[in-house]
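Me: I've got a model open and I'd like to learn how to read it. Can you walk me through it, one feature at a time?

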Amino acid sequence: MNRNIKDEIPKDASTGYYFYDLGMNLKQEYDKYTDKDVAVWKTLYERQIKNLPQKATAEYLRGIDTVQFVADKIPNFEEVNIILQKITGWRVHVVPGLIPNKEFFELMMNRNFCATTWLRRMEELDYLEEPDMFHDVFGHVPLLTNKELCNFLVDLSKIALKFIDSPLAIECVARLYWYTIEFGLIREAGGMRIYGAGILSSSGETEYSLFSDVPKRIPYNVRQIVDTPYIKDRYQEQYFVIDSFEQLYSSIPEIEQVIAEYVVKEKTLV
Ligand SMILES: [Fe+2]
């Protein structure tokens with residue numbers, strides 16, 4: 001059931017990352033998906049797709065049509081890559097799960113988006129210890145058709161690699177990635193919308209992020225994000241809101257400057 005990649009490759013106990021190198025040349029092994037996997041994809045897809053009109057950014061909804069995701073078929077990476085290549089030059093790259101930062105950012109700088117291939121079980125639809133393919137693919141891939149977001153990822157990776165030996169810098173990049181690519185909101189003509197994959201792949205957080213009175217919704221601010229720890233075990237306490245994907249991409253010089261300041265001054269993160 002395509003869990004073999006995840007289960008056969010060991011993790012580094014000290015970091016939680018899988019031992020990974022490009023030479024592993026991992027493949028999706030599409031024929032190994034079972035009927036149960038297809039049923040899980042269909043259940044998750046149908047539940048979430050009807051939740052997203054008026055909630056997901058228009059760019060995501062366009063993207064999901066462009067990459068031709070449907071309920072009845074688990075996306076085949078080879079087919080998806082042909083489509084992405086034509087539009088933004090990206091491809092989905094198979095990894096076992098979370099991999100070390102250097103490899104992750106090198107792949108992303110070269111327009112490879114890391115995704116795993118296993119799907120959660122029916123008994124664990126709403127609880128996951130680590131991201132599965134539904135998160136990686138349903139959540140992230142449709143927006144890999146957006147040029148500004150893709151360029152943001154490439155340049156953010158370049159910054160990460162420039163400061164790869166600084167744990168402080170990598171934490172800053174991780175927070176920026178978290179509050180944009182994973183949990184970002186965007187203000188559009190119709191109102192507030194979601195573009196973060198962590199929200200788009202979670203039916204509960206989709207509603208919460210837009211409509212709950214609990215979290216703060218704050219205008220996108222690089223310095224403030226860098227000073228905001230992220231939350232992994234529950235819904236976010238604050239979401240940062242961009243006005244456009246152009247705004248996100250054009251913040252790259254500021255990101256580089258802010259991170260350089262942190263590294264030079266060896267500031268302490270909150
Ligand atoms: Fe993600």
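This is a predicted model: local features need pLDDT of at least 70, side-chain atom pairs count only at pLDDT 80 or more; totals for chains, interfaces and linings use all residues.

Me: Which residues of helix H8 are buried?

Reply: A general idea first: an α-helix has 3.6 residues a turn, so residues three or four places apart point the same way. Now the case here. Helix H8 covers residues 167-182, and its buried residues are Cys172, Val173, Leu176, Tyr177, Trp178, Tyr179, Thr180, Ile181 and Glu182.

Me: OK, on to the sheet. In what order do its strands sit?

Reply: In general, strands of a sheet pair through backbone hydrogen bonds, either parallel or antiparallel. This sheet is an open one of 4 strands, ordered S4-S3-S6-S5, and its pairing is mixed. Strands S4 (191-194) and S5 (216-219) are at the edges; each has a single partner strand, so one side of each has no neighbour in the sheet. On average, neighbouring strands are turned by 35° against each other, direction ignored.

Me: How many bridges join S3 to S4?

Reply: There are 4 bridges between S4 and strand S3 (residues 185-188), and the two run antiparallel. If you want one to click on, take Arg187, whose bridge partner in S4 is Met192.

Me: Which helix packs on that sheet?

Reply: Helix H10 (residues 203-211) does, touching S3, S4 and strand S6 (238-242). The direction of H10 makes about 150° with that of S4.

Me: Now a single residue, Glu106. Where does Glu106 sit, and how exposed is it?

Reply: You'll find Glu106 in helix H5 (residues 101-109). Glu106 has 16 C-beta neighbours inside 10 Å, so it counts as partly exposed. Also look at Ser157: Glu106 and Ser157 are 51 residues apart in sequence, yet their C-alpha atoms are 7.0 Å apart in space.

Me: And zooming out, what does the whole chain look like?

Reply: The chain has 13 helices and 6 strands. Its radius of gyration is 18 Å, close to the 18 Å given by the globule rule for 270 residues, so the chain is as compact as a globular protein of that length. Along the principal axes, the C-alpha atoms fill a box of roughly 55 × 45 × 35 Å. Of the 270 residues, 39% count as buried. As for contacts between residues at least 6 apart in sequence, 65% join residues at least 24 apart.

Terms used. Residues are numbered from 1 along each chain as its sequence is written. Two strands pair if DSSP finds at least two bridges between them. Axes are lines fitted to C-alpha atoms, for helices over the stretch in contact, and angles run from 0 to 180 degrees between N-to-C directions. Two residues are in contact if their C-beta atoms, placed from the backbone, lie within 7 Å. A residue is buried if 20 or more other C-beta atoms lie within 10 Å of its own, exposed if 12 or fewer, and partly exposed in between; C-beta atoms are placed from the backbone. The radius of gyration is taken over C-alpha atoms; the globule rule is 2.2 Å times the number of residues to the power 0.38.
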